[in-house]
Amino acid sequence: MELLDLIEGRRFLGREFVVWLWFESELSETNLEPSGVDPVSMWLEAQITLVLEKEESRLKGAIPASRPEAKEALRQGKLPKEAKMRLVRGDREYVWTLKADSLALSGLKLPTQLKKNDEKHEVFYERMMLLEDLETTLEALFADFVRVRLSDVWDDEVLPMMKSWAHGEKVEAEAYLAAKRVVLGDRRKRRR
Amino acid sequence: MGALRGSLTFSRFYVSGDIPDDVPGTTLKRIRANAFQPLSPDEEASEGSGWANIEDPFDTDLDHEKVFYNEYVCLGLRLDRWVVPGPLLKAHLRDAEQALLAKKGLERLGRKAKADLKTMVVRKLRRQLVPSLKSYDVVWNLRTNVLHLYSQSERIATLLDDLFKRTFKVDLVPESPGTAAERVGLDAREARVFAGLEETTLARPEDAR
């Protein structure tokens with residue numbers, strides 16, 4: 001696939017990734033287990049923008065993704081274009097806005113310990129290390145999403161569950177995790 | 001805010017191609033050759049860009065210590081532009097036109113004469129102004145080959161792409177859901193599915209109004 005097609009023609013995968021993170025986060029009560037890296041707690045907060053072509057729903061609030069309007073937007077076929085997220089790993093906490101179409105991060109706040117008056121190179125290395133840690137986790141989550149998205153399990157099991165979730169119907173977390181294990185189980189063992 | 005302080009807003013790229021084993025040892029000369037050069041009021045270009053010290057955009061005399069931080073290449077992409085305020089240009093142009101008409105005893109100027117006059121007035125005004133300066137942090141991690149540009153502007157990304165390729169003779173692949181999916185390392189079956197992928201919707205047929 002040509003680079004331009006790869007970039008422009010697959011932007012929708014970013015929106016699907018965000019809605020999948022949202023679904024996973026709600027189903028697992030924020031506890032995510034990306035393959036090959038440490039478990040994290042992660043959720044959508046403060047602001048989410050959902051779009052379908054030119055129609056846009058922008059929701060704000062403590063946890064806007066949990067509001068009925070958010071699920072209503074999904075039922076209308078809208079997907080998240082932009083979402084504010086929080087991730088906690090151990091005692092480190094990150095907040096940022098993810099732009100789905102480019103996977104770009106903005107307004108990222110890092111859990112730095114050093115202050116600006118500390119040795120400038122050390123401050124820089126700490127920031128880069130924390131950024132790399134976050135990006136490694138996000139890459140692992142995205143890789144899991146891609147594996148699931150490209151498997152038969154997506155159409156047969158995951159997508160129907162996500163539709164049920166968007167429609168306010170009960171989804172069994174165990175059933176979802178079992179479906180995911182079919183795709184990721186072996187890979188997870190191999191990576192460990 | 002950029003790489004050194006504050007919250008971070010950035011675009012991600014992957015450096016690919018024939019990357020030298022020893023970037024710090026082999027590229028400083030090329031970085032210096034592409035360092036920012038001050039704009040001249042007499043040149044036609046209304047803007048110019050080049051590398052600067054990430055910590056000080058006015059410092060364009062780059063050396064090893066200013067650019068290489070262990071496994072990181074740190075640079076400022078400095079972009080200077082002449083910004084001549086529209087009303088100021090208009091007023092000066094009007095005065096210059098009237099002076100020329102009076103001098104030559106004409107009633108109106110031709111298109112070429114007007115264009116020449118505008119060039120002259122712009123140059124004169126540029127000499128009285130200071131170009132606007134902006135600098136964007138660029139950090140290339142040599143271990144992972146991930147590069148962060150601390151801007152999300154497409155125009156700045158295009159400038160970076162051009163300057164980076166000219167300097168380091170390697171390619172920059174922008175991060176996107178498609179390029180990130182390919183980097184996952186798809187097997188043949190996954191690649192086939194990926195090529196024919198269509199967008200998902202969580203709407204059901206009965207949701208259609």
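**Pockets and interface**

In chain A, β6 (104–109) and α4 (120–149) each supply at least two residues of the lining of the second largest pocket, where helices (H or I, at least four residues) and strands (E, at least two) are DSSP runs numbered from the N terminus. This is a predicted model, in which local features need pLDDT of at least 70 and side-chain atom pairs count only at pLDDT 80 or more, while totals for chains, interfaces and linings use all residues. Residues are numbered from 1 along each chain as its sequence is written, chains are lettered from A and ligands numbered from 1 in the order in which they are written, and side-chain values use heavy atoms, with hydrogens and water left out.

**Second largest pocket**
- The largest contribution to this lining, six residues, comes from α4(A).

**Interface of chain B and chain A**
- In chain B, 54 residues are in contact (heavy atoms within 4.5 Å) with 58 residues of chain A.
- Six salt bridges are found across this interface, each being a side-chain nitrogen of Lys or Arg within 4 Å of a carboxyl oxygen of Asp or Glu.
- A salt bridge joins the side chains of Glu190(B) and Arg147(A), with a distance of 2.5 Å from N to O.
- On the side of chain B that touches chain A, α6(B) provides the largest share, which is six residues.
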